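Hi there,

Here is the structure I promised to pass on. Have a look, and then read on for what turned up.

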Amino acid sequence: MFNTLRYEYEFVKLMTELLADSVDDNQLFIRLSVHDILWGYQDTILHKVKEELQVLDIPFDDHFGFFYKLNNSDDGIWTIESGKRNVANNFDIRFWNGKDMLDYWSTEESNMINGTDGNLFHPFVKKTDHPPFFFSQLCRSMTMDYERDTMVHGIDTYRFTHPRDIFDNPDQNPANEGFCTPMNNCPPSGLYNISVCRKGSPFSVSMPHFLYADESVINGVQGIRPDAALHESYIDVMHDIGCVLKTERKYQINMLVRNNPDFTIVKDIKDVYFPIFWFNESTVVTDDWAKFIKSSYLLPVGIASDIPYISIGVGTLVTFISSVAIHRQRRKSTVKIHEDQTVDPSENTSLLVNE
């Protein structure tokens with residue numbers, strides 16, 4: 001709240017300061033349960049504002065949470081490609097809630113809804129592909145790059161991970177220019193601001209523990225220990241059919257706490273990106289589904305792929321047996337001719353021998 005009031009008129013700042021001071025438990029940091037942070041809690045300052053506005057019959061919501069009012073709700077209508085016209089576009093998102101573009105960001109590229117929802121991709125995924133997916137909760141499309149071959153329940157897969165510069169400042173990654181909001185107001189590398197799609201809440205997104213973020217961000221909070229093995233997002237794709245068999249999408253929600261000399265509660269602090277929570281949206285195919293994939297797809301495909309080799313083997317064996325038989329027949333004929341040549345020829349010797 002204090003961040004958004006930085007550029008307001010002085011009397012607005014003064015009224016806000018008085019309102020905040022009137023709240024008994026007004027503190028910079030408060031302890032909340034995970035449930036309250038995610039799904040919402042009654043904020044003391046917002047509740048005070050609500051009480052004042054009730055006198056004027058002005059409705060005001062005094063609850064706050066990252067997923068407030070989103071529990072037990074859907075994400076709207078998704079229209080996806082069937083792959084009928086082009087299998088390369090199979091499962092790609094055509095429209096999200098009737099829109100083929102977002103309107104949060106400042107460039108057309110940043111507002112594009114690219115790829116799938118990240119659970120299915122087109123078949124025959126290659127190592128050189130950069131499969132895109134749209135993550136509606138984080139208000140943008142993202143890409144991943146091939147990292148290495150993996151195996152899930154005995155099924156061969158390709159592992160794709162985010163490029164290290166996916167959240168970099170436009171100075172390092174110009175493609176991220178459109179995610180600077182307001183325009184040209186860019187956070188340090190490793191974060192991007194999502195307040196434009198979270199109703200003005202001062203949230204920013206990073207990887208957990210500020211993985212791959214600028215050193216100034218990492219050093220701003222004690223206890224931050226980024227580790228790619230623990231904090232990197234990935235998907236394991238069965239490349240033949242484009243099905244994701246295992247995924248861990250890990251992201252961290254942060255809040256920018258800024259120094260503001262106009263408010264007592266924040267006038268003595270340094271600017272810092274403070275981690276609120278990080279989450280891991282993970283899935284893995286079950287044993288039963290893995291067995292079904294093996295029996296219904298891998299086994300028939302394996303048999304079909306072996307048929308040419310079996311045919312070649314049988315053909316080679318038949319050719320070998322035929323060659324041996326012909327060779328033996330020729331040896332018998334040669335021996336017979338030599339036996340016949342031992343008879344002394346005379347005028348009465350027949351030119352042909354009938355057996």
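In which strand is the place of Thr161? Thr161 sits in strand E8, residues 155-161 (strands, E, are DSSP runs of at least two residues, numbered from the N terminus).

A word on the source: this is a predicted model, where local features need pLDDT of at least 70, side-chain atom pairs count only at pLDDT 80 or more, and totals for chains, interfaces and linings use all residues. Residues are numbered from 1 along each chain as its sequence is written, and side-chain values use heavy atoms, with hydrogens and water left out.

Thr161 is buried, at a relative accessible area of 7% (buried means under 20%, with a 1.4 Å probe and protein chains only). Setting aside neighbours within four places in sequence, Thr161 is in contact with Met144, Asp145, Glu147, Glu232, Ser233 and Tyr234 (contact means heavy atoms within 4.5 Å).

Ser204 belongs to strand E10, residues 203-206. Ser204 is buried too, with a relative accessible area of 4%. Beyond residues up to four places away in sequence, Ser204 touches several residues, including Leu191, Tyr192 and Tyr273.

Now the cavities. There are 2 of 30 Å³ or more (a cavity is a set of points on a 1 Å grid over the protein atoms alone where a 1.4 Å probe fits but cannot get out; lining residues have an atom within 4 Å of a point; a volume is the space filled by probe spheres set on the points, which are joined across faces, edges and corners). The largest has a volume of about 70 Å³, and its lining of 15 residues has Phe167, Asp168, Asn176, Leu191 and Tyr192 nearest the centre.

Best wishes

Terms used:
Helix = DSSP H or I, 4+ residues; strand = E, 2+ residues; numbered from the N terminus. Buried < 20%, exposed > 50% of the residue type's maximum accessible area, 1.4 Å probe, protein only. 1 Å grid on protein atoms, 1.4 Å probe; cavity = no way out; pocket = protein on both sides within 12 Å on 5 of 7 lines; lining within 4 Å.
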